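Let's take a look together.

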Amino acid sequence: MTSSIVMDSVSKQFTLRHAKTLKRMVMRAAKGKPLKDSFYAVRDVSFEVEQGESIGLMGHNGSGKTTLLKLASGVMRPDEGEVRVRGRIAGLVELGAGFHNDLTGRENVFLNAAILGMSEKETRTKFDQIVDFAGVERFIDTEILHYSSGMRMRLGFAIAVEAPGEVFLIDEGLAVGDAPFKKKCITKIKELNQVEGRTIFLVSHSVKQVQRICDRALVLEQGSLAFDGTPKEAVKFMRGDEDLEDEDPLDF
Ligand SMILES: Nc1ncnc2c1ncn2[C@@H]1O[C@H](COP(=O)(O)OP(=O)(O)OP(=O)(O)O)[C@@H](O)[C@H]1O
Ligand SMILES: [Mg+2]
């Protein structure tokens, strides 16, 4: 087996500023308080993802999931440790990132696809498929400014799954879609994984989603890797923390 993503003792720190105005800075300094603090958003995280694996990344808000995904995608560099990725990264670290409000859905498909590494010819070939998957045919020549957030997300997702790349990252991508669309996305992600053999790295708050899609789950707690195992065990681990029995039955 070949590794697709390797994180070796990876840490990322951010700085919190306490005083934004000069007056506050002077007052804090006079009291001997620090003007800024740094904290670890990701702390000493190590794991390996094998090629073709499907990993779910879970954890509370602010636990460092998006930061870890950004480190994996190369959008951010770690302060300590090393990130190694084999193959091209595709996917959505941010929903509809790169969409321009003043351009139509059609124009945005071409622009976004180009950002994600598709040629114009390739995009033309896949255009109908993308629009059909997103279900936005009627609005494709409307400015994206007038799209609902769900429609933006659908279009963003539909483009991302057509983009080339051995590793598919997705951050909360399925969070704003309605139930039928979530089902469709899950089927598509499984196809990318099982048919095309792509590595999947999915951030999700939904235990069910992770169980349906992933063969392994990681749980972050305040930036540290607290759990690495099967999705089933991850649920038990998370249950120790809160009652997940009450999850919405419609939550796919
Ligand atoms: N650029 C930044 N500058 C300063 N702090 C940041 C920055 N990006 C993230 N953080 C902080 O790092 C911590 C982890 O953020 P991150 O977005 O990775 O969390 P998350 O697990 O994705 O949360 P959520 O479930 O809400 O999406 C948070 O405390 C956040 O405020
Ligand atoms: Mg996040």
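Just after helix α3, G117 adopts a positive phi of about 95 degrees. Helices here are DSSP runs of H or I with at least four residues, numbered from the N terminus. Please keep in mind that this is a predicted model, in which local features need pLDDT of at least 70, side-chain atom pairs count only at pLDDT 80 or more, and totals for chains, interfaces and linings use all residues. Residues are numbered from 1 along each chain as its sequence is written, while chains are lettered from A and ligands numbered from 1 in the order in which they are written.

Helix α3 itself spans residues 105–115, and its buried residues (20 or more other C-beta atoms within 10 Å of their own, with C-beta atoms placed from the backbone) are G105, N108, V109, N112 and A113. Viewed down the axis of α3, they fall within an arc of 125 degrees, taken from the directions from the axis to the C-beta atoms, so they line one face of the helix. Their cover includes α4 and α5.

| Helix | Residues |
|---|---|
| α3 | 105–115 |
| α4 | 120–134 |
| α5 | 149–160 |

In the loop between α4 and α5 sits I144. I144 counts as buried because it has 23 C-beta neighbours inside 10 Å. Leaving aside residues up to four places away in sequence, I144 touches F99, N101, L103, T104, G105, N108 and R152, where contact means C-beta atoms within 7 Å.

Methods. Buried ≥ 20, exposed ≤ 12 C-beta atoms within 10 Å, placed from the backbone. Helix = DSSP H or I, 4+ residues; strand = E, 2+ residues; numbered from the N terminus. Contact = placed C-beta atoms within 7 Å.
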